[in-house]
Amino acid sequence: MSQKFPFGDIATLGTAPPEMSYPGLSPQLLARTRQLWSVRGLDFDDAWRRAIRQMPGFRALPRIDDTATSAQVDLVFLFDQGLIWVKAIHAAARRGYDHGVPGLDPAQWHGLAALSARLTEQMTALRMLALTDLPLPAMQIARSVSEDVDMLLVLLVRRKLAARFIACRTVEEASSFWRRHIAGGRAFRALTEKLYEIGLDYSPDTDYGRWRKDVLANLGAAVHSNALAMPGTDRQPGVHLGNDNSLHFATFRIHELCAYAQLIKPDLVDALTRAATEPPESDPQAGLAAPLSAIVVNQIQSLSQPAPAPSAGGATRH
């Protein structure tokens, strides 16, 4: 955010409605979000306070008076919606694993719980960096978010790989697994094979494939040692959100995770529903995971500057 704002000191009261933490938020986006929650019988304010307001290092956004668009504030709002969903996924996955809920194998529940925990920490840190001018760590975290999204989806479609994933007990074993199954885009390639079967072509020479490659190459430059100039900290007039590219990409990947998980088998939403209602008692946070899946997918259209759409219909495999 703009340096004229003391962003480190901004925090709304715990009882304040969520919109007080997003001054300048699009009224249409807020109204649509509240409607989506309300028609499903969900309490948006309570869920937001538990997942966002109580997160480590929480800060409200400062008021922005010199911009004609709400895009930057809307982006953080949508990012936070994705974080609420990821936290709900984690709660449901823990219950699914602990109670042996059908729908996913124990290894898949375990992997889902582990990766959603990683995503929760990464997104929490990325949110804090969005209020600063530290592009390098933001880019590094956004890259890790993307990698974990790919891996989580692959674990859903490849049960044996999920078992190998959770069988890693040492750093050396985890590193070996990463080199064999994740590094170099291997996880995403395994996922694209499944997506192609349902008519989505994410081949490297499609618009989406080229866009993804370019973004990940830029994010990778922040991870590996080099002398390249990183994005500067100077802000143009009306631009206050630092690291908005990293935040946008991470938000888009969470939206993709939610959408693709509902297209591939097994039926994740059904499994999450079972996990949330498993005896001996229900879990309110876990109960958000399934209904929030529809809300997060609905909000994809609210992201400004979307990524290129995949090719579909009569596409040729490459």
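**Helix packing around H3**

Helices H3 and H12 run roughly antiparallel to each other, where angles over 145 degrees count as roughly antiparallel, under 35 as roughly parallel, 65 to 115 as roughly perpendicular and the rest as oblique. Good morning, colleagues. The model is a predicted one, in which local features need pLDDT of at least 70 and side-chain atom pairs count only at pLDDT 80 or more, while totals for chains, interfaces and linings use all residues. Residues are numbered from 1 along each chain as its sequence is written, and side-chain values use heavy atoms, with hydrogens and water left out.

I begin with the overall layout. The protein has 12 helices and two strands; helices (H or I, at least four residues) and strands (E, at least two) are DSSP runs numbered from the N terminus. Along the sequence, the order of elements is α-α-α-α-α-α-α-α-β-α-α-α-α-β. The protein comprises 318 residues, of which 50% count as buried; buried means under 20% relative accessible area, exposed over 50%, and partly exposed in between, with a 1.4 Å probe and protein chains only. Among contacts with a separation of 6 or more, 82% come from residues 24 or more positions apart, a contact being heavy atoms within 4.5 Å.

Leucine 153, for its part, touches Leu191, Leu257, Tyr260, Ala261 and Ile264, residues up to four places away in sequence not being counted.

I return to H3 and its partners. Two packed helices are described by the angle between their axes and the distance between the axes. Axes are lines fitted to C-alpha atoms, for helices over the stretch in contact, and angles run from 0 to 180 degrees between N-to-C directions. For H3 and H12, residues 289-298, the angle is about 150° and the axes are 9 Å apart. On the H3 side, Gln81, Ile84, Trp85, Ala88, Ile89 and Ala92 meet Ala289, Leu292, Ser293, Ile295 and Val296 in H12. By class, this contact of H3 with H12 has nine nonpolar, two polar and no charged residues; Ala, Val, Leu, Ile, Met, Phe, Trp, Tyr, Cys and Pro count as nonpolar, Asp, Glu, Lys and Arg as charged, and the others, Gly among them, as polar. The crossing of these helices, H3 and H12, is left-handed, meaning that the near helix is turned anticlockwise from the far one by less than a right angle, with clockwise being right-handed.

The crossing of H3 with H10 is left-handed. H3 contributes Leu75, Val76, Leu78, Phe79, Gly82, Trp85 and Val86, while H10 contributes Asp244, Leu247, His248, Ala250, Thr251, Ile254, His255, Leu257 and Cys258. The contact of H3 with H10 comprises 11 nonpolar, four polar and one charged residues.

Is histidine 255 buried or exposed? With a relative accessibility of 1%, histidine 255 counts as buried. This residue of helix H10 touches Leu78, Val296, Gln299, Ile300 and Leu303, again without counting residues up to four places away in sequence.

The peptide bond from lysine 265 to proline 266 is cis, with omega near 5°.

H11 in turn packs on H12. Their axes come within 8 Å and cross at roughly 145°. Val269, Leu272 and Thr273 of H11 meet Ala289, Ala290 and Ser293 of H12. In the loop joining H11 and H12 lies proline 284, which at 68% relative accessibility counts as exposed. Proline 284 is 193 residues from alanine 91 in sequence, yet their C-alpha atoms are 9.2 Å apart.

Alanine 16, in the segment before helix H1 (27-38), is buried, at 15% relative accessible area. Alanine 16 touches Trp48 and Arg49, not counting residues up to four places away in sequence.
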